[in-house]
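Thanks for making time this morning; I would like to walk you through one model and its side-chain contacts. Please have a look at it before I go on.

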Amino acid sequence: MACISASITMSSSVLSSRRSSSSNAAKPNSLSFAFSFPHFPTSPIDSIAPTSPPLTNGLVVHAAWTRRSRSEVEKRPNRKSWKQRTDMFMRPFLLNVFFSKRFIHAKVMHRGTSKVISVASTNAKDLRTSLPSLVDENACRKIGTLIAQRSMEADVFAMSYEPRKGERIEGKLGIILETIKENGIIFV
């Protein structure tokens with residue numbers, strides 16, 4: 001990173017000296033990143049004088065990045081595993097549950113198209129006024145029931161849930177998942 005920032009600061013000072021030089025003075029040749037781009041005339045004096053291309057001597061890479069070496073590619077191939085490639089088609093519907101301090105949000109999404117199939121939240125108008133608490137166990141049961149009903153209305157009878165790293169299926173999350181199972185949804 002330090003090498004890139006040093007070449008950028010050098011190139012900005014070289015560019016300013018390049019623009020301010022007169023047509024009779026020799027144009028400075030540089031091996032910086034900025035000189036790999038063509039120079040467009042900005043004043044009438046610059047448009048009269050021809051510009052010379054920068055010297056390369058075969059040592060300069062005229063790109064912002066370089067490709068990985070063969071040994072790097074062999075060590076870390078950019079290939080997905082079989083499960084990563086087929087999981088989206090084997091288990092297309094994914095349940096996503098989010099708990100905030102004030103509300104509970106749950107939705108079922110189709111992985112391939114990212115379309116939302118069903119949504120339930122304690123922040124909805126009908127639930128906000130009818131439930132005494134928006135984050136307790138009764139609210140979790142209500143969210144599970146609504147997700148199951150709305151998913152069956154959309155012809156989704158099987159879904160999956162992938163817990164986040166370090167997340168345990170217990171407490172409020174366990175209540176939501178059990179309620180969804182009790183209402184006829186199969187977890188794959």
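This is a predicted model: local features need pLDDT of at least 70, side-chain atom pairs count only at pLDDT 80 or more; totals for chains, interfaces and linings use all residues.

Residues are numbered from 1 along each chain as its sequence is written, and side-chain values use heavy atoms, with hydrogens and water left out.

Helices here are DSSP runs of H or I with at least four residues, strands are runs of E with at least two, and both are numbered from the N terminus. Isoleucine 143, which lies in α6 and takes part in the meeting of α6 with α7, touches Ile104, Ala106, Ala120, Ser121, Thr122, Leu127 and Ile176, leaving aside residues up to four places away in sequence, where contact means heavy atoms within 4.5 Å.

As for charges, there are 7 salt bridges, each being a side-chain nitrogen of Lys or Arg within 4 Å of a carboxyl oxygen of Asp or Glu. Glutamate 162 and arginine 111 form one of them, at 2.4 Å from N to O, and this pair links distant parts of the chain, 51 residues apart. Both belong to a salt-bridge network that also includes Asp87 and Arg91. Lysine 181 and glutamate 178 pair at 3.9 Å, and these two are separated by about one helical turn because they stand 3 residues apart in helix α7.
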